[in-house]
Amino acid sequence: MAGRSLRKALATVSLSVALASVTVRSSGCRSIPAYRNSLLSSWFHLNSNIMSGSNGVKDNSHNKARTSPYPGSKVQRSQVPNEKVGWLVEWQDYNPVEYTAVSVLAGPRWADPQISESNFSPKFNEKDGHVERKSQNGLYEIENGRPRNPAGRTGLVGRGLLGRWGPNHAADPIITRWKRDSSGNKITHPVSGKHILQFVAIKRKDCGEWAIPGGMVDPGEKISATLKREFGEEALNSLQKSSAEKREIEEQLHKLFSQEHLVIYKGYVDDPRNTDNAWMETEAVNYHDETDKFFIEELVDCYCTFSA
């Protein structure tokens, strides 16, 4: 996930771009290829704590959205215990901290004005001009003119580093291939005996965590365009290539993103930038390089391996 003022940055070529390997199960399903069936299951397993709704929370969920200090600042959130995250839980003494970053208040083109400004009348829960204010998770509540985070309390109100009141939409491309040996044969895991699925990831410079090379959806932009643009920017910027070589890679990118794909997840993301009034949502889409014919090998400098 990338934000305008807190973007994912490439640390170094040798550390930033990797193919993370996932052990996958075989599948007899004809409608969904084996890699997709397993990838979908793995994705939801890894992200099972993304959202539980405003009625309450599951154990270990909605954690990053309650961490302090707030990213890029020394601001400490009001502490929110697990049992009081849900909005339906009465909490009369709830006193969240107000914070919106100076970079957002400066009024860049990707940010909304303050709710209090007389010329700002956002249409929440619908398409507002070119700005998508609908949530992937359905309708959200509006309280005192401000949208309310559907996942619950975060201990902080305002927008923090996020530009939009309400949902801030991102797109994450999951580019996969099978791990193969030097002869082109699929490699199996030594313990499980299952084929290993790999995906492209980057290492974030701001927090050191591995992430999918996605980014924010621009107003009026189609998700497919965001996926291609953000992946292209992240990937090409990491390569020491000539202009001609980069053009060739861009052509391969166009072919890759024009083929069949699968939406893996759409909805709320537990993100440290989230507040009570602004939150991240994403659409994660899988593009699979079944024959290993695209440029992914150009990006590889190291591997991260784990079993799904």
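Predicted model: local features only at pLDDT ≥ 70, side-chain atom pairs only at ≥ 80, totals over all residues.
Residues are numbered from 1 along each chain as its sequence is written, and side-chain values use heavy atoms, with hydrogens and water left out.

Next, select residues 166-178, strand β8, together with β9. The two pair in the antiparallel sense over 3 bridges; strands pair if DSSP finds at least two bridges between them. Strands here are DSSP runs (E, at least two residues), and helices are runs of H or I with at least four residues, numbered from the N terminus.

Now select residues 196-203, which make up β9. Of its 8 residues, 7 are buried, so the strand is largely enclosed by the rest of the structure. Buried means under 20% relative accessible area, exposed over 50%, and partly exposed in between (1.4 Å probe, protein chains only).

Move to helix α5, residues 243-258. Which residues of α5 are buried? They are I249, L253, L256 and F257. These cover an arc of only 85° around the axis, so they lie on the same side of α5; the arc is that of the directions from the helix axis to the C-beta atoms. On the face turned away from that buried side, select the exposed residues E251, K255 and S258.

Finally, show the whole protein chain: it has 5 helices and 14 strands, and 47% of its 308 residues count as buried.

Definitions and conventions. Expected span 1.5 Å × (residues − 1).
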